[in-house]
Amino acid sequence: MPAQGKHRRPKSTSLGRGIAAVTTGGAVLALPVIGATSAFAAPAPAAAPQAVAPAAVAPQANSAAKAAPAKHSVVAGETLSKIAREHSVSGGWKKLYEGNRKIVGANPDLIHPGIKLVIGAKSAAASDDKAAKASPSAARGASADRADRSERINAAPVAKAVTYTNDLDGWIRESLAIMAERGIPGTYEGIHRNIMRESSGNPNAINNWDSNAAKGIPSKGLLQVIDPTFQAYHVPGTSTDSYDPVANITAACNYAADRYGSIDNVFGAY
């Protein structure tokens with residue numbers, strides 16, 4: 001007798017099972033029929049999320065306008081310390097002097113009325129340097145602007161019509177304006193003090209009794225200047241008459257600056 005066959009049912013969760021009748025010698029055997037009841041397509045892989053390019057962000061414009069360096073016209077009696085305080089200069093008078101050394105000169109204690117100080121000059125220069133590093137074209141533009149500014153500074157000053165009174169106050173003020181253009185130090189107070197001592201404000205005063213008079217070169221004018229001194233220190237553009245008030249003052253202040261540093265340093269016969 002043939003051995004009965006053993007049937008092992010395969011394990012499957014995704015396949016349907018059916019029953020088929022098989023006839024073997026009259027016996028009906030129920031055999032499982034394994035068949036695919038349905039087809040399952042493999043799920044498509046999920047599409048990778050597309051990278052979203054970040055939107056370009058336009059740089060924000062700096063709305064804070066950079067303040068241009070301010071200019072200050074020096075008046076009689078002012079000092080670098082006082083000006084630095086009034087304009088809240090960071091670094092005080094030393095910083096102010098550093099940015100205006102060429103205008104002020106070697107002595108920061110002597111600033112002449114009429115000169116123009118630039119407040120914040122150092123910062124302006126630093127800004128030009130930063131702009132030059134950031135952009136070659138900006139550097140060329142800044143360089144051209146500095147050259148143009150230099151030409152304007154070095155150009156001959158345009159004369160402005162200024163009227164001075166024909167009295168001691170007007171003579172001193174006109175002299176101070178000329179001195180400022182020529183770089184001659186001196187203040188209103190220093191000039192006025194010495195005039196009152198030397199001539200009491202009389203432009204025609206003359207000394208006919210001292211040693212200079214004995215030599216034939218008497219002292220003349222508001223600041224009692226002898227002719228050789230007047231001729232040696234005469235300031236071009238002023239009268240050649242030593243009695244002329246403005247010419248006398250400017251020549252005397254030019255002499256005092258050469259010998260004493262400034263007319264402000266004179267407190268007696270000079």
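Tutor: Helices here are DSSP runs of H or I with at least four residues, strands are runs of E with at least two, and both are numbered from the N terminus. This is a predicted model, in which local features need pLDDT of at least 70, side-chain atom pairs count only at pLDDT 80 or more, and totals for chains, interfaces and linings use all residues. Residues are numbered from 1 along each chain as its sequence is written, and side-chain values use heavy atoms, leaving out hydrogens and water.

Let's look at a loop residue. Ser88 sits in the loop between helix H1 (80–86) and helix H2 (92–99). Most residues other than glycine have a negative phi. Ser88, although not a glycine, has a positive phi of about 50 degrees. Is Ser88 buried or exposed? With a relative accessible area of 64%, Ser88 is exposed (exposed means over 50%, buried under 20% and partly exposed in between, using a 1.4 Å probe and protein chains only).

Ser200 is found in the loop between helix H7 (188–198) and helix H8 (211–214). Ser200 is not a glycine either, yet its phi is positive, at about 60 degrees. Ser200 counts as exposed, at 56% relative accessibility.
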